[in-house]
Amino acid sequence: MIGVNMSETSKLRHIALSVPDPESAATFFEKAFGMKRAGRAMRGVYMSDGIINIALLNFGDEPVPGFEDKKGYYGLIHFGVWVDSVEETGAAVVDAGGGYVGGRKETDPNVFYEVKYKTPEGIVFDMTENGWRGAVKNVIPA
């Protein structure tokens with residue numbers, strides 16, 4: 001990466017999926033991949049492999065963020081990156097051609113937050129400095 005060494009600071013640690021039945025999806029992830037439940041999400045279940053958080057979400061009749069024009073959308077919603085500095089990484093995202101979408105950093109360490117950005121192609125992703133349930137920021141490579 002030109003200009004910023006993000007390999008030391010930014011880690012892919014979250015994926016959000018829109019599913020018709022979060023409980024059934026959670027059971028699938030448990031049986032198929034041995035993942036564990038990391039907690040309840042407002043619209044579903046958080047799963048984890050011990051490193052990454054997967055949110056299995058059902059939006060019901062509400063539009064899926066980023067897919068408002070696709071009624072009944074199921075699939076990938078966004079991914080999330082755990083960063084050291086939302087401000088610095090946000091500036092690098094914009095410099096690289098991406099854009100700010102919404103959200104703000106919370107200073108209370110007990111408050112979960114995500115700041116949304118998009119790639120130059122329009123793919124939405126989250127950034128946070130305090131992670132996701134069941135996710136671990138730093139992992140020792142094999």
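**Pocket and salt bridges in a predicted model**

The second largest pocket has a volume of about 270 Å³. A pocket here is an open set of points on a 1 Å grid over the protein atoms alone, where a 1.4 Å probe fits, with protein on both sides within 12 Å along at least five of seven lines; lining residues have an atom within 4 Å of a point. The volume is the space filled by probe spheres set on the points, which are joined across faces, edges and corners.

This is a predicted model, in which local features need pLDDT of at least 70, side-chain atom pairs count only at pLDDT 80 or more, and totals for chains, interfaces and linings use all residues. Residues are numbered from 1 along each chain as its sequence is written, and side-chain values use heavy atoms, with hydrogens and water left out.

User: How many residues of the lining of the second largest pocket are nonpolar?

Analyst: Ala, Val, Leu, Ile, Met, Phe, Trp, Tyr, Cys and Pro count as nonpolar, Asp, Glu, Lys and Arg as charged, and the others, Gly among them, as polar. By this division the lining holds 3 charged residues, 2 polar ones and, as nonpolar residues, 10.

User: How many salt bridges does a search of the whole structure find?

Analyst: A salt bridge is a side-chain nitrogen of Lys or Arg within 4 Å of a carboxyl oxygen of Asp or Glu. One of them joins lysine 116 to glutamate 114, with the closest N and O atoms 3.9 Å apart. For the whole structure, the number found is 10.

User: Which residues are linked with Arg37 in a network of salt bridges?

Analyst: Arginine 37 meets glutamate 30 in a salt bridge of 2.8 Å, N to O. Arginine 37 counts as partly exposed because its relative accessibility is 37%, and glutamate 30 likewise counts as partly exposed, at 28%. The residues linked with Arg37 in the network are Glu23, Glu30 and Arg40.

How values were computed:
Buried means under 20% relative accessible area, exposed over 50%, partly exposed in between (1.4 Å probe, protein chains only).
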